[in-house]
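Please read them alongside the sequence and the coordinates.

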Amino acid sequence: MRQAETIAVTMPALCEFVWVLSRGYKIPAIEIAVAIRRLIDSSTVEVERAAVEAGLNLLEAGGDFADGVIAFEGRRLGGAVFASFDADAVRRIRGSGGETRLLSTK
């Protein structure tokens, strides 16, 4: 990777990276955030920076990286409301100023 001219890191890859480190290896969120910031600050790495920052903001606030990315991408595509079955995700997105809806299976 050090010799690569460009390294494209997709959002699904970063979401999986966070999931594996947090759930599989029990790495604390702050350490994962530091690792991602180091990765994306590399001059050869290409990412959707704004989406990554949204994910990191939620991760560092105690939430899920993927939920931050999903909320960001939804807004970017024109969605006005973040909807989820995950009450914690809805609460955190609402806390960051987003409009939310908690879905129910009933």
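1. Helices (H or I, at least four residues) and strands (E, at least two) are DSSP runs, numbered from the N terminus. On this basis Gly97 falls in the loop between H5 and E4. The model is a predicted one, in which local features need pLDDT of at least 70 and side-chain atom pairs count only at pLDDT 80 or more, while totals for chains, interfaces and linings use all residues. Residues are numbered from 1 along each chain as its sequence is written, and side-chain values use heavy atoms, with hydrogens and water left out.

2. Overall architecture. The chain contains five helices and four strands, arranged along the sequence as β-α-α-β-α-α-β-α-β. Its C-alpha atoms fill a box of roughly 50 × 30 × 20 Å along the principal axes. Of the 106 residues, 34% count as buried; buried means under 20% relative accessible area, exposed over 50%, and partly exposed in between (1.4 Å probe, protein chains only).

3. Gly97 is exposed, because its relative accessible area is 66%.

4. Strand E3 (residues 81-84) and strand E4 (residues 99-102) run parallel and are joined by four bridges; two strands pair if DSSP finds at least two bridges between them. Phe82 has Thr100 as its bridge partner in E4. Between E3 and E4 the chain passes through helix H5 (residues 87-95), and this β-α-β crossover is right-handed, meaning that, with the strands pointing away from the viewer, the path from the first strand over the helix to the second runs clockwise.

5. Nonpolar cores. A nonpolar core is a set of buried Ala, Val, Leu, Ile, Met, Phe, Trp, Tyr and Cys residues joined through side-chain atoms within 4.5 Å. The largest has 21 residues, of which Met11, Leu14, Ile36, Val52, Leu56, Leu59 and Phe65 touch the most other members. Helices H1 (11-24), H2 (29-40), H3 (49-60) and H4 (65-76) each supply at least two residues of this core. Apart from it lies another core, of six residues, including Leu58, Ala89, Val90 and Ile93. Beyond its neighbours within four places in sequence, Val52 is in contact (heavy atoms within 4.5 Å) with Met11, Leu14, Ile36, Ile40, Val47 and Phe65.

6. Asp67 is buried yet has no salt bridge, and the nearest side chain of opposite charge, Arg92, is 7.5 Å away. Here Lys and Arg count as positive and Asp and Glu as negative, with His and the chain ends not counted.

7. Salt bridges. A salt bridge is a side-chain nitrogen of Lys or Arg within 4 Å of a carboxyl oxygen of Asp or Glu, and the structure holds seven. One of them pairs Glu53 with Arg37 (2.9 Å, N to O). Glu53 lies in helix H3 and Arg37 in helix H2, so this pair ties together parts that are 16 residues apart in sequence. Glu53 also meets Arg49 (3.4 Å, N to O). A further salt bridge joins Glu73 to Arg76 (2.6 Å, N to O). Through shared partners, salt bridges join Arg37, Asp41, Arg49, Glu53 and Glu60 into one network.
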